[in-house]
Amino acid sequence: MITYGLYVGRDQNIPKAARLIAFADTGVALVAGLAIFPIVFAFGLEPSQGPGLMFVTLPIAFNQMAFGGVVSIAFFFMAFFAAFTSAISLFEACVAYFGGAKGLSATERRTRRKKGAALTATGIFVIGIANVYSIQPLDADEGFWNTWYPLEWVPLFSGKTLFDVLDVMTTNILMPAGALFTSIFVGYVLSRNDSREELSQLSHAQYQVWRFLVRYICPAFIFLILLWGAIVTPMTGS
């Protein structure tokens, strides 16, 4: 979001855009859940979490459906499009780091961005291939990837392959931690004048409510989510 924020024009209505994005994202997630889980239960399949549901359970369900091949192609094409567009923002954050040094000419900045893009893409490809092999069934002859548990000694990652480790680390730690640090930065580091200027579309009362939420309520609840995912979950096994 910080990287995308660099490209937001001054005429952009941030509160309106935030409401639209939150509504659209939540709406799509609910519709996807309403579409996927009835298929799973209709064919008596056991729902699982993460990649198991998407890459193992759903293909079995599609195979038992009328015109399942067409539905499967359409589903995974949309999943690819969603993942690809999301990857652009992640990719740009890395590339912008390489090309964002001060004192560089436009030509030097473009050259550094190209090199950064090549380096980032190579790293993503290598890690991605390792992740693909790590989610193979245990009876598949894929070397040690699908039986390698890189952080077995950590309770949160016990019994988890490379893909599972990255999945849990992202969901349980990095995402809530990023949200927590963002709320702290916006609420305490960013000056009141700067935040008021960026949220000029809000009334004074609305801004006061927003500032109170981002300084006190949001950090507290996000910290509870982080605590639950990083500590409570591995201790209880839930």
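Phe67 sits in the loop between helix H3 (51-63) and helix H4 (68-99). Helices here are DSSP runs of H or I with at least four residues, and strands are runs of E with at least two, numbered from the N terminus. This is a predicted model, in which local features need pLDDT of at least 70 and side-chain atom pairs count only at pLDDT 80 or more, while totals for chains, interfaces and linings use all residues. Residues are numbered from 1 along each chain as its sequence is written, and side-chain values use heavy atoms, with hydrogens and water left out.

Most residues other than glycine have a negative phi. Phe67, however, has a positive phi, near 60°. Phe67 counts as exposed because its relative accessibility is 68%; the classes are buried under 20% relative accessible area, exposed over 50%, and partly exposed in between, with a 1.4 Å probe and protein chains only.

Val71 lies in helix H4 and is partly exposed, with a relative accessible area of 31%. Leaving out residues up to four places away in sequence, Val71 touches Phe62 and Met65, where contact means heavy atoms within 4.5 Å. The C-alpha atoms of Val71 and Pro59 are separated by 9.9 Å, and the two residues are 12 apart along the chain.

Now to the whole chain. The protein chain has eight helices and zero strands. Its 238 residues include 21% that count as buried. The C-alpha atoms fill a box of roughly 60 × 45 × 45 Å along the principal axes. For contacts between residues at least 6 apart in sequence, 39% join residues at least 24 apart.

Two packed helices are described by the angle between their axes and the distance between the axes. Axes are lines fitted to C-alpha atoms, for helices over the stretch in contact, and angles run from 0 to 180 degrees between N-to-C directions.

| Helix pair | Angle between axes | Distance between axes |
|---|---|---|
| H5 and H6 | roughly 110° | within 7 Å |
| H6 and H8 | about 160° | 9 Å |

The angle between H5 and H6 is roughly 110°. That makes H5 roughly perpendicular to H6, whereas H6 and H8 are roughly antiparallel to each other. Angles under 35 degrees count as roughly parallel, over 145 as roughly antiparallel, 65 to 115 as roughly perpendicular and the rest as oblique. H6 also passes H8 in a left-handed crossing, meaning that the near helix is turned anticlockwise from the far one by less than a right angle.

In residue terms, Ile127, Ala130, Asn131 and Ser134 of H5 meet Leu162, Phe163 and Leu166 of H6.

Asn172 is also part of helix H6, and counts as buried because its relative accessibility is 17%. A polar atom of the Asn172 side chain lies 3.0 Å from the backbone oxygen of Gly229. Beyond its neighbours within four places in sequence, Asn172 is in contact with Leu156, Leu226, Gly229, Ala230 and Thr233.

Technical notes
A polar contact is a pair of N or O atoms within 3.5 Å; within protein, one must be able to donate a hydrogen and the other to accept it, and residues adjacent in sequence count only if both atoms are side-chain atoms.
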